[in-house]
Amino acid sequence: MKFIQSTSTEEQILNRLNPEYIQYSEMQPLERSFLNTLVLRHKPKRILELGVSAGSSAVLILNALQEIPGSKLYSIDYSSSLYRDLTKHVGFTVDNYPELKQNWQLLTNGLACKFIDNLEESFDFCFIDTVHKVPGEILDFLLVFPYLKQNAVIVLHDTNLHTINNCYNDLNSNNMLISAISGEKLVPNYDRYLGMRFANIAGVILNEQQQENIWDIFNLLLQPWKYMPSGINLNNIRKYLAQHYTDYFCNFFDRVVNYQISKASCNLNTEILYIPKRAPATHNTAAVTTQELDELPPCVMDIFFAADNNYSQSMCVALTSILVNSRQEENFNFYILDGGIQVENKQKIEEIKNIKSCNIEFITIDGSLFDNCPLVSDCSHISKTTYYRYLIPVLKPEIQKCLYLDCDLVVENSLRDLWDTFLGDNYAAVIEDRDPINNSKRLKTKDYFNAGVMLINNQQWIKNNITEVLFKTTVEMEEQGLIKFVDQDVLNKVFDKRILFIHPKYNLLTCSIFKTKSLNYLNRELEEAQTQPIVIHYASNVKPWIQSCYPPFGQRYFEYLNLTPYRIN
């Protein structure tokens, strides 16, 4: 460990700055002095900054770089707007110092993995000051480490923020990270300042052991996460890790993410410091302002249905409900696994494009492929088209993931959050079925899920020949007399321990709406699903369109029906 004490010359270089930047600074004077001194002493040519905020630290660094010919600062921030004041843009303080901007490049609206590959050369200095909550800076370090030179200097701000006040107890990610990084620690030469018990900034000179000790950093991700990055960001991070780390660490990351998702409580925030709050869609429109939509990246969802002619009307209702409740930035490719839908019904289904432009492709399926797939008397409302989903990966192998939906459901809100779910190496993201305890015992599986809503990991299905395995397992289970709920039983058997359970609001089963026994959900989650469902699934043989049957939420089906060509006069 080395104590850092600024010299009078170093202080003079800092003090020559117009002090206007200080009013927006989130660093104490001695912290600014510490950062300034490290830049001046190590004379880096390429500096990377993560977390820009108003830009005060960028001003400080750029001022010091005037003493280092040929140097440049690259600053990255997840947002383009200041988190404290959305009317101001990130880094606006630097605008007041035009003489400094020639050595500065600002990159916004993305994590480091979005930009750093394009910055090509390595960095010899990195300043990180972002979320302060796990997994924040831990992920930041893993993203920048492949581009840090040996003996590069890392500086972390707010390393002991959690000691200042009880309301900051969760802000401890930098404390853990600075301890785990391999190298000589750099610490300010003061103990107490302005009521702070401990120095709140520190640095490390990386040594050659950091590559060997990278597990120490990955292992920090097992600490409880205080916010959950979006599925888009998790997938982008995963792709980046695959380019720069071994399969072991990529698989470790997958397991960590799924573990953290499984442990997430209702108090876990999503992108707490970054994503602007957006209004949920109502039943009839996506209630998001134009300004908010500009913050959201476009999205194309690939959604599969399987239907014969008998289910053409209910499938049209499901499709309509998706389009009605979609957001502006959401686009759809609908793939209909066609089990004999008549031409006039296909024409009616095509008319939903008048609600919102979308792609609809009818894929004719050879029914003889499923001659050995059994039907059962307990599921008389189900035809062999239910088995068609076995073919999804081989029909569209170019798709990374897709959403499969049964035809007997309606969607009450945007599916974006479901679509963005991080799948890792799981075969699918699913929702628990009714009576999971007895059904899992019957099949000798860990859990039991409902197959009517599945976010499918297409690439994992292809990699592990799942289509072939499903057909083979169907025959074996039929011979053993294990099939009670047709292909759903087979999917549960094959996917055992390779599924991710998501919130039950994405598949509210009307046939079990008042049941609370669950292996995977808390009572409050089940209650939320009943009061704020995203997908209402009329599972079992109790359907709203069958006379004498009227399941809970049945009226919603007819409200969407009247938006389709099948509307009731």
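Here are a few friendly questions and answers about this predicted model.

Residues are numbered from 1 along each chain as its sequence is written. Local features need pLDDT of at least 70 and side-chain atom pairs pLDDT 80 or more, while totals for chains, interfaces and linings use all residues, and side-chain values rest on heavy atoms, without hydrogens and water.

Reader: Which strand holds Ile 76?

Author: Happy to start there. Helices (H or I, at least four residues) and strands (E, at least two) are DSSP runs, numbered from the N terminus. Ile 76 falls within residues 72–77, and that run is strand E3.

Reader: Is Ile 76 buried or exposed, and what is its relative accessible area?

Author: Buried means under 20% relative accessible area, exposed over 50%, and partly exposed in between (1.4 Å probe, protein chains only). Ile 76 counts as buried because its relative accessible area is 3%.

Reader: What separates the C-alpha atoms of Ile 76 and Ala 112?

Author: Ala 112 is among the residues in contact with Ile 76, where contact means heavy atoms within 4.5 Å. Along the chain the two are 36 residues apart, yet their C-alpha atoms are separated by 6.6 Å.

Reader: In which sense do strands E2 and E3 pair, and over how many bridges?

Author: Two strands pair if DSSP finds at least two bridges between them. E2 covers residues 46–50, and its Arg 46 stands opposite Lys 72 in E3. The sense is parallel, and the bridges number five.

Reader: Which strands are the edges of the open sheet?

Author: The order of its eight strands is E1-E9-E10-E8-E7-E2-E3-E6, with mixed pairing. Those pairing on one side only are E1 (2–4) and E6 (104–108).

How values were computed. Lists of a residue's contacts leave out its neighbours within four places in sequence.
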